[in-house]
Amino acid sequence: QGWVGALRRARVLAGMKDVKLSPTYLYSQINGNQDNGAIISDGIAALTKNGTCTFDLVKQDKIYQRQMPSGAKAEAQRFKLDDAYRCDSWEETCSALLTGRFIVVFGIQVGNTWGRFDSHGVSGHDRGPGNHCIAADGLRKLPDGRWGLASFNSWGDDWGRGGFCRVSYE
């Protein structure tokens, strides 16, 4: 969801029409033919080489390559990443966002406190390896001095603050 959401947003920021894209077509390329998650960074190679198709062609219920309809591979060539860069630290992530030219995609641990927001809209922090892929398209200095990534999610507009939350360094 994170990669495809970022690709959609990047297309809109580049002046293209928003097209609802299929996150599960991408997932089928990087999940090893099992529904046990995927390595988030594998999304870079898959979106650069193969792309993703429209959601109308591959909805949420199709997660394996064997389920992909004819024409999906050809259509996916229309919706690819041209380029991607890796951020290896919080500082690099903030720097990329401050340019206003990049969207960052990253893994985060979603646990019991993730959905609890502080007064600045910062999500709760759960320790552990990233088990969910999200993206951020902005950065803001919060009134308490922390920096918060402006993150969007795949859970809809009724989650967080209109579908968005802030993610802090923690």
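Two strands are taken to pair if DSSP finds at least two bridges between them, and strands themselves are DSSP runs (E, at least two residues), numbered from the N terminus. The structure is a predicted model, in which local features need pLDDT of at least 70, side-chain atom pairs count only at pLDDT 80 or more, and totals for chains, interfaces and linings use all residues. Residues are numbered from 1 along each chain as its sequence is written, and side-chain values use heavy atoms, with hydrogens and water left out.

Because seven of its ten residues are buried, β2 is largely enclosed by the rest of the structure; buried here means under 20% relative accessible area (1.4 Å probe, protein chains only).

In β3, which spans residues 147-152, sits Gly-148, buried with a relative accessible area of 0%. Its contacts (heavy atoms within 4.5 Å) include Gly-138, Leu-139 and Arg-140.

Turning to the loop between β1 (104-108) and β2 (132-141), we find Asp-126. The side chain of Asp-126 reaches the backbone nitrogen of Gly-111 at 2.8 Å, and one of its polar atoms lies 2.9 Å from the backbone nitrogen of Trp-114.

Key:
Helix = DSSP H or I, 4+ residues; strand = E, 2+ residues; numbered from the N terminus. Polar contact = N/O pair within 3.5 Å; in protein donor to acceptor, adjacent residues only side chain to side chain. Buried < 20%, exposed > 50% of the residue type's maximum accessible area, 1.4 Å probe, protein only. Lists of a residue's contacts leave out its neighbours within four places in sequence.
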